[in-house]
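This briefing is intended for a reader who is new to the structure. Please have the sequence and the model in view while reading.

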Number of protein chains: 2
Amino acid sequence: MLTEKQYKLLMFINKITKETGCSPSFDEMRTAVGLKSKSGIHALLTALEEREFIKKLPHKARALEVVRLPKFKPRAIIEEEKKRENALLNATVNIPFYGKIAAGVPIEAIADETSFLPMPFEMVSNGQFYALKVEGDSMVDAGILDGDTAIIRQTPMANNGDIVVALVDNQEATLKKLQRKEKEVWLVPCNKAYEVRKLRADRVQIQGVLKSIIRNYH
Amino acid sequence: MLTEKQYKLLMFINKITKETGCSPSFDEMRTAVGLKSKSGIHALLTALEEREFIKKLPHKARALEVVRLPKFKPRAIIEEEKKRENALLNATVNIPFYGKIAAGVPIEAIADETSFLPMPFEMVSNGQFYALKVEGDSMVDAGILDGDTAIIRQTPMANNGDIVVALVDNQEATLKKLQRKEKEVWLVPCNKAYEVRKLRADRVQIQGVLKSIIRNYH
DNA sequence: CAAAAAAGAACTAAAGTAGAACAAATTTTG
DNA sequence: CAAAATTTGTTCTACTTTAGTTCTTTTTTG
């Protein structure tokens, strides 16, 4: 069919002739296409004529005729097709499964050697999510058991009362209820057998907020 | 008719020309079809021209034109498309969402007015599943909280210790731990505040076994 | 192992860009 | 109206970039 420049020129000629009833001059075309010399236009016109998109009367001024245009789909249709394709692709989203939490390793450190967990698109459409396997019983009173899968929204923003993934001293990641007290951060377990950890705020980094718990039996 | 590669290339050319009005270059086609060398494209184009699917001006850049499209897809393409479609369909399965349990209504009775819950295919591939919203706190010690979503495998077969959906007297459906004792069925809550219900076996009907618990925060 | 497909490299050609000289057409004007 | 002026189109050269062709070698595959 055409090269980019040929296409651009053809569309310009078509537009001008439709609008004004007469062909553009070489200099007008030169400007429109963005060249500094007319010779380029001449070459382009020759190419267009060779491909039978225009006809021109040689040695006549402003004597071009658009014979045909490349047939293409309207933008709207193309975009609609893309949307539909996306809707299908979005049926599930694979979120990274980072392994166990409370394993004493920052989450970034294990971010590569991951498997993936397919999640329904609706559940994880807004934001970055990842999954962790819960280890230990420190949250049983919140209905979070050893072996449960936690779906975490990756964000440093959390409110008091949220259950969060907290990284302490860049070392140890745990899932706890968040409670900020002045310059301290309290990591509150949901199990009377455990104690609240009260830490200086700068020692704690929030790596995400609990969005869902999934537990599989058998 | 056409080989897989020829078909793929033809469709690519068609798509690009329709979308942009310009022909793709050899390198673009090379990438699209998945070759590492342009010579292969040349061969494919020659074949396509021989079969009169395209016209090309030799020794001109981006001067291809699609003359016609094939009526039939190569078998390989059909199979590939099916595979991809299946992969997407399998990505999630919609399982029926029957509403609340412990609502005192047999599950069949509400089986029609349902919404659906998309579940990753892997989780619900073997068997018939449905979802229920858990109501009440009778199972909190098993980490099942009020408002949790229970994914149930529809089956009358359950083992001692399984958490099941039990229908009592064809009336009242509850989620409890199962314990069979001789001719009795015990429905064991997981909350010290509740009492075990000991029922004659014929009064109890198992409607499913708990497969998963899903809980969403916020 | 032979035919087909693909890769790779070398080569050739076209496209794009620019500038200038020139020729033909068109318009202006004396 | 005809010469002059001006606009417009053509052609040539030169150079860079992009693209297409062809041939040989390698790999794949039936």
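The points below are grouped by topic.

This is a predicted model, in which local features need pLDDT of at least 70, side-chain atom pairs count only at pLDDT 80 or more, and totals for chains, interfaces and linings use all residues. Residues are numbered from 1 along each chain as its sequence is written, while chains are lettered from A and ligands numbered from 1 in the order in which they are written.

**Chain A overall**

- Chain A comprises 4 helices and 11 strands; helices (H or I, at least four residues) and strands (E, at least two) are DSSP runs, numbered from the N terminus.
- Of its 218 residues, 33% count as buried; a residue is buried if 20 or more other C-beta atoms lie within 10 Å of its own, exposed if 12 or fewer, and partly exposed in between, with C-beta atoms placed from the backbone.
- Among the contacts in chain A with a separation of 6 or more, 56% join residues 24 or more positions apart; two residues are in contact if their C-beta atoms, placed from the backbone, lie within 7 Å.

**Surface near DNA strand C**

- Around DNA strand C there are 27 residues, of which A:Ser37, A:Ser39, B:Leu35, B:Ser37 and B:Ser39 come nearest; a residue is near a strand if its C-beta atom, placed from the backbone, lies within 6 Å of it.
- Two or more residues each are given to this surface by helix H1 (4-20) and helix H3 (38-50) of chain A and by helix H3 (38-50) of chain B.
- H3(A) provides the largest share, with 6 residues.
- The surface has 7 nonpolar, 11 polar and 9 charged residues; Ala, Val, Leu, Ile, Met, Phe, Trp, Tyr, Cys and Pro count as nonpolar, Asp, Glu, Lys and Arg as charged, and the others, Gly among them, as polar.

**Surface near DNA strand D**

- DNA strand D is surrounded by 20 residues, and the closest are A:Phe26, A:Ser39, A:Ala61, B:Phe26 and B:Ala61.
- Helix H2 (26-33) and H3 of chain A, together with helix H2 (26-33) and H3 of chain B, each supply at least two residues here.
- By class, this surface has 6 nonpolar, 8 polar and 6 charged residues.

**Helix packing in chain B**

- The axes of helix H1 (residues 4-20) of chain B and H3(B) come within 10 Å and cross at roughly 85°; axes are lines fitted to C-alpha atoms, for helices over the stretch in contact, and angles run from 0 to 180 degrees between N-to-C directions.
- H1(B) is therefore roughly perpendicular to H3(B), a term for angles of 65 to 115 degrees.
- B:Lys5, B:Gln6, B:Leu9 and B:Leu10 in H1(B) meet B:Leu44, B:Ala47 and B:Leu48 in H3(B).
- This contact has 5 nonpolar, 1 polar and 1 charged residues.

**Nonpolar cores**

- The largest nonpolar core has 59 residues, and those with the most contacts inside it are A:Ala150, A:Ile152, A:Val164, B:Ala150 and B:Ile152; such a core is a set of buried Ala, Val, Leu, Ile, Met, Phe, Trp, Tyr and Cys residues joined through C-beta atoms within 7 Å.
- Another core, of 32 residues, lies apart from it and includes A:Leu48, B:Leu9, B:Leu45 and B:Ile54.

**Individual loop residues**

- A:Arg203 lies in the loop between strand E10 (197-200) and strand E11 (204-216) of chain A, and is partly exposed, with 15 other C-beta atoms within 10 Å.
- B:His59, in the loop between strand E1 (54-56) and strand E2 (64-66) of chain B, has a positive phi near 60° although it is not a glycine.
- B:His59 is exposed, with 6 other C-beta atoms within 10 Å.

Definitions and conventions: Parallel < 35°, antiparallel > 145°, perpendicular 65-115°, else oblique.
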